[in-house]
Amino acid sequence: PMRSPLVVFLSLLFTVSSLDSGGWITDEKDMVVEEGPCTIERHDGEGLTQEQFLERYAFSQPVIIYNIKNEKFAELTERSRMLADWGDEKVVLNSANTYSYTRVPSTFGEYLRTQLKPQNLETLGNETLYLFGDIDPSTWYPLLSSYEQPEWKLPGHEPALSFGIAGAGTGVPFHFHGPGFAEVIHGAKRWFLYPYDDKPEFNPDRTTLEWYLKDYPNLPEEKKPLECLMQKGEVIYFPDKWWHATLNTRTSVFISTFLSPLSFGKEEL
């Protein structure tokens, strides 16, 4: 039967939307926290020098850097391409709580079929599984090697990549570790950050979504975190030991570049 022009238009609109997000579709009803303030400094990546990075951000404050180009990696991480290339590959899923102590073996395809879904507010963070970090870097080298790492360097540190995919409303509650970069490849993610001395109040086994909906609205202005919504083509840098929590506002593909002190005996080239 003939389809009406409206049906054809909506079909085309859905197809374009699908392509724009790399095939990682999120129903509008499942999107969360898309609106909100951005209180993190932002800087155009095409104009940020290494000297400026060291002076203004490396040791003192987070920054979101935009105009980041990673087209090849974005193409390789489209949903259909990843299923074709990595569907049968073994992965380990982590619990989405502060300590991520639960590890569950799976395959990439099985994760997409059974676990990649919006966060249920009734589900605890330690009962929510998502893919982040626990992939064999040698096995996944063909994919990871195509990622163009941030050009800004932290003296005396070496990078380690951590790749992830998660559904709308998921995220990791507040935690801290060494410095690093985190880039959104597809989708969108809201970040919340506090300096180390301003430890936020949170339950490590509850989800970021629950904290945002129940605790965040009651914070006085002076206790609000630094926060911002990150989208495709943006990377955030966070200095050493900054508390941070993440919330995927839609189905997202992301990659982090964790910076660790150089091992004893190594020297910077």
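Student: Why does Cys228 count as buried?

Tutor: Cys228 has 2% relative accessibility and therefore counts as buried, the term meaning under 20% relative accessible area, with exposed set at over 50% and partly exposed in between (1.4 Å probe, protein chains only). This is a predicted model, in which local features need pLDDT of at least 70 and side-chain atom pairs count only at pLDDT 80 or more, while totals for chains, interfaces and linings use all residues. Residues are numbered from 1 along each chain as its sequence is written, and side-chain values use heavy atoms, without hydrogens and water.

Student: Why does Cys38 count as partly exposed?

Tutor: Cys38 has 36% relative accessibility, so Cys38 counts as partly exposed.

Student: What makes Cys38 and Cys228 a disulfide?

Tutor: Their sulfur atoms lie 2.0 Å apart, and a disulfide is a pair of cysteine sulfur atoms within 2.5 Å. The pair links distant parts of the chain, with Cys38 in the loop between α1 (5-20) and β1 (42-44) and Cys228 in strand β9 (residues 226-231), 190 residues apart; helices (H or I, at least four residues) and strands (E, at least two) are DSSP runs, numbered from the N terminus.

Student: Why is the disulfide of Cys38 and Cys228 called left-handed?

Tutor: The torsion about their S-S bond is about -95°, and therefore the disulfide is left-handed.

Student: How do you know that strands β6 and β12 pair?

Tutor: Strand β6 (residues 157-166) and β12 share ten bridges in the antiparallel sense, whereas pairing requires that DSSP finds at least two bridges between two strands. Within this pairing, Ser162 stands opposite Ser256 in β12.
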